[in-house]
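Q: Please take a close look at one strand and its pairing partners. Then set it beside other parts of the model.

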Amino acid sequence: MTFDLPDSLILNTALSVSGLTDYIRLLLEQDEQLRQVWVTGEVSSANHHRSGLFFTLQDTDSTAGIKCVIWNSQLPKLAQIPVPGEQIIILGSIRVYPQRGEYQLSVWQTLPAGVGLQALRYQQLKNRLLAEGLFDPQKKRSLPIHPQTIAVVTSPTAAAWGDIQKTLKQRYPGLHVLFSPATVQGEQAPESIVKAIERVDWDGRAEVLILSRGGGAVEELACFNDERVVRAVASCSIPVITGIGHQRDESLVDLVADVCVHTPTAAAETVVPAISELYAEHRQRVLALHEVMHGFGENAENKLQALRNRLRRLRLDRQVQQEAQKLVWKRRQLVQVMMGRSHQAKQHLELLRQKLATLDPKAVLQRGYAVVRQENGAIARAASELEVGQDLSIQLGQGEVTVKVMEVKE
């Protein structure tokens, strides 16, 4: 097949290599979809050069591949360094290199694909919550020693609920259990668990809360790594103990809970003591108290006997007898002195009584004398003081008479 075209037309319409390459570069680099594109694939033929890391990202069936570059300045910012054979997700933009007539993906960020992406999200959320202080050991609250009312959040159809009820009944009969049902698997589980915890908080009777599930695959336990559930546990007004699954990695809810155990049964065993163990401990305390009291009594008796022996050695009994005899002698002396002084006082009293009797006017009157008083009560001592016709009062030894002066003789 031949083309009969004029030479002038060919020269006027033909593009240079750089012109064609620039056109392609503009098409690719200015395309909105290609300026920021996510691509997933498997890493192959990775080589680290001075300027950066060069590798090829291809489909798992090797039907297509694209060259990629991560410049050295961007490497420290990556969530994961590409390794041959690993599945990754890349964020980057298409760049055309005219010198080689090639295009490649300039990478900004790499993320693990599949389970690895979940692990990355888990780690990022964990780091953020850790920075907020939600996992601070200083914020952990102690469980009540003898709770009377506890709350349980789990699925009503799960074996975990039956295990918890059985364990609580065996260990602590009479315990009041508040059940707040929740979905613990699937997309609705986080919201359901949050509401169940809020119901317990609103009720206000429970002293401690058990959040539980009977194990499962990693994807089935995803709700316990949900930020909403983690924050609900952190803001719960009462201590929270988790018992989620048997053989698994630690969830974020486990990290924020006040106490974390591995099974629902272990959670029930941790939240209340066993009555049988309490009784055994009580018996041990009673026996220990008896032993202490017996030992105390023996020790006191030994000390008392030692004091008795010491008293015997010191012969204090003889000293006490001597002092008692001295007291008897002192008492006798005191009695004698008091009796002597009392006799002297009686004699002196009698003497004073006799002297007083001699001075008593009445005694004089008894001997036949009389006391003459004028009307004004003054004692008449001389006849010259009296007048004829004046009334006088004469006091005798027995009684008193009134007389009138008939005659005055001086």
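A: Ile 241 has Val 259 in strand 10 as its bridge partner. Strands here are DSSP runs of E with at least two residues, numbered from the N terminus, as are helices (H or I, at least four residues). Strand 9 and strand 10 (residues 259-261) run parallel and are joined by three bridges. Two strands count as paired if DSSP finds at least two bridges between them.

This is a predicted model, in which local features need pLDDT of at least 70 and side-chain atom pairs count only at pLDDT 80 or more, while totals for chains, interfaces and linings use all residues. Residues are numbered from 1 along each chain as its sequence is written, and side-chain values use heavy atoms, with hydrogens and water left out.

Strand 9 also pairs with strand 8 (residues 208-213), in the parallel sense, over five bridges. There, Leu 211 has Thr 242 of strand 9 as its bridge partner.

Now burial. Buried means under 20% relative accessible area, exposed means over 50%, and partly exposed lies in between (1.4 Å probe, protein chains only). Five of the five residues of strand 9 (residues 240-244) are buried, so this strand is largely enclosed by the rest of the structure. In a regular strand the side chains alternate between the two faces of the sheet. Both faces of strand 9 are covered. On one side, Val 240, Thr 242 and Ile 244 are buried; on the other, Ile 241 and Gly 243 are buried.

Next, strand 7 (residues 176-181), which holds Leu 178. Leu 178 counts as buried because its relative accessibility is 15%. Contact means heavy atoms within 4.5 Å. Leaving aside neighbours within four places in sequence, Leu 178 touches Thr 149, Ile 150, Ala 151, Val 152, Asp 203, Arg 205 and Ala 206. The C-alpha atoms of Leu 178 and Val 153 are separated by 8.9 Å, with the two residues 25 apart along the chain.

Strand 11 pairs with strand 12 (residues 391-395) over three bridges. Val 371 stands opposite Gln 395 in strand 12.

Last, the cysteines. A disulfide is a pair of cysteine sulfur atoms within 2.5 Å. The whole structure has zero disulfides. Cys 223 counts as buried at 5% relative accessibility, and Cys 236 counts as buried at 3%.
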